[in-house]
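Work through the following exercises with the sequence and the model beside you, and try each task before you read its solution.

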Amino acid sequence: MEPPHYHHGIPESEIGQYSCHRVDSPLIIDGDLTKPAWQNALKSPRFVDMVTGGPAFYDTRSAALWDDTNLYIAFWAEEPFVTATQTERDAIVFLDNDLEVFIDGGDCYYELEVNALNTIYEVFFIWKDAYQRGGRFDVPQFDVHQPRAMTFGGDYDRTGDSFWWGRHPRGLRWAFLDYDMPGLQTAVQVDGQINDPTHVDKGWTLEIAIPWQSLTWLAHGRSLPPQPGDEWRMFFGRFQKLTPSGQEIQPHPAWAFNKHGVYDTHMPQCFTRVRFEEKKMFFGQD
């Protein structure tokens with residue numbers, strides 16, 4: 001039985017582009033995005049619906065910066081009722097409202113999700129066709145026989161003729177649920193009163209730092225840290241739990257830097273193009 005073939009995603013011409021500028025000194029990761037580096041960073045456009053490209057219900061934006069040590073990422077999330085329930089690391093954070101980053105590495109990619117309690121969920125994915133016996137991924141860290149190594153076909157893949165293969169043209173991935181990004185830092189600040197439905201909040205912010213030395217598997221032959229002009233593919237997104245009249249909307253609305261055309265975050269060919277550049281100061285958009 002051959003896997004089905006799907007056209008999945010959007011044309012390359014519709015992929016978003018972002019210029020990531022260098023900062024002179026390391027950032028203290030505390031979730032406070034009023035610091036000058038973020039106030040002067042190039043802020044993304046308002047996120048759009050991941051399927052249609054229409055505007056997201058709540059204003060959501062991201063930005064990124066870099067130095068020789070770290071990649072820095074920030075999110076601003078408007079949210080009138082900031083809520084979060086997942087507290088255990090690697091719990092299913094997307095059951096809450098969350099903010100998400102994916103980083104593409106060619107034959108592999110990394111997923112990070114964070115909720116407003118600063119609970120972290122991480123997974124490292126390796127495309128099954130790239131995982132060869134004796135190959136570069138055939139190492140103890142990525143032992144497919146470990147209990148929390150799973151096959152994965154993408155969001156909502158277990159239907160119809162995509163049941164075994166998923167809908168992505170490349171097929172399945174190995175998903176390593178126990179992966180922890182070395183040196184990862186995240187911090188959240190809430191402008192409001194979390195989990196208090198009687199209080200109308202302004203929202204929450206998320207600040208992330210990832211050491212370049214921890215991105216070796218994802219570098220795919222690229223320089224670490226990047227050279228000015230290098231380009232990486234990254235996904236900046238948000239999933240929003242909404243329960244109008246007590247009925248939870250399923251699936252949760254998904255908003256991103258640029259649309260994917262389908263409800264599936266796991267599509268590196270649709271990730272935003274992030275170009276690393278020398279320091280230039282731009283004021284963010286209102």
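**Exercise 1.** Through how many residues does a hairpin join β3 to β4?

*Solution.* Before counting, note that this is a predicted model, in which local features need pLDDT of at least 70 and side-chain atom pairs count only at pLDDT 80 or more, while totals for chains, interfaces and linings use all residues. Residues are numbered from 1 along each chain as its sequence is written, and side-chain values use heavy atoms, with hydrogens and water left out.

Step 1: strands are DSSP runs of E with at least two residues, numbered from the N terminus, and β3 covers residues 60-66, while β4 covers 70-78.

Step 2: the hairpin that joins β3 to β4 passes through three residues.

Step 3: the two strands run antiparallel and are joined by seven bridges, where strands count as paired if DSSP finds at least two bridges between them. In this pairing, S62 stands opposite F75 of β4.

**Exercise 2.** In which sense do β1 and β3 pair, and over how many bridges?

*Solution.* Step 1: strand β1, residues 17-22, pairs with β3 in the parallel sense, over two bridges.

Step 2: R22 is the residue that stands opposite W66 in β3.

Step 3: the cover of β3 can now be judged, where buried means under 20% relative accessible area, exposed over 50%, and partly exposed in between, with a 1.4 Å probe and protein chains only. Seven of the seven residues of β3 are buried; T60, S62, A64 and W66 point one way from the strand, and R61, A63 and L65 point the other way.

**Exercise 3.** Which side chain meets that of R22 in a salt bridge?

*Solution.* Step 1: a salt bridge is a side-chain nitrogen of Lys or Arg within 4 Å of a carboxyl oxygen of Asp or Glu, and by this rule the count comes to 16.

Step 2: the side chain of R22 meets that of E278, at 3.1 Å from N to O. R22 lies in strand β1 and E278 in the segment after β14 (272-277), so the pair ties together parts that are 256 residues apart in sequence.

Step 3: R22 is buried, with a relative accessible area of 17%, whereas E278 counts as partly exposed at 40%.

**Exercise 4.** Is K35 buried or exposed?

*Solution.* Step 1: the side chains of K35 and D30 meet in a salt bridge of 2.9 Å, N to O.

Step 2: K35 is buried, because its relative accessible area is 15%, while D30 counts as partly exposed at 31%.

Terms used. Helix = DSSP H or I, 4+ residues; strand = E, 2+ residues; numbered from the N terminus.
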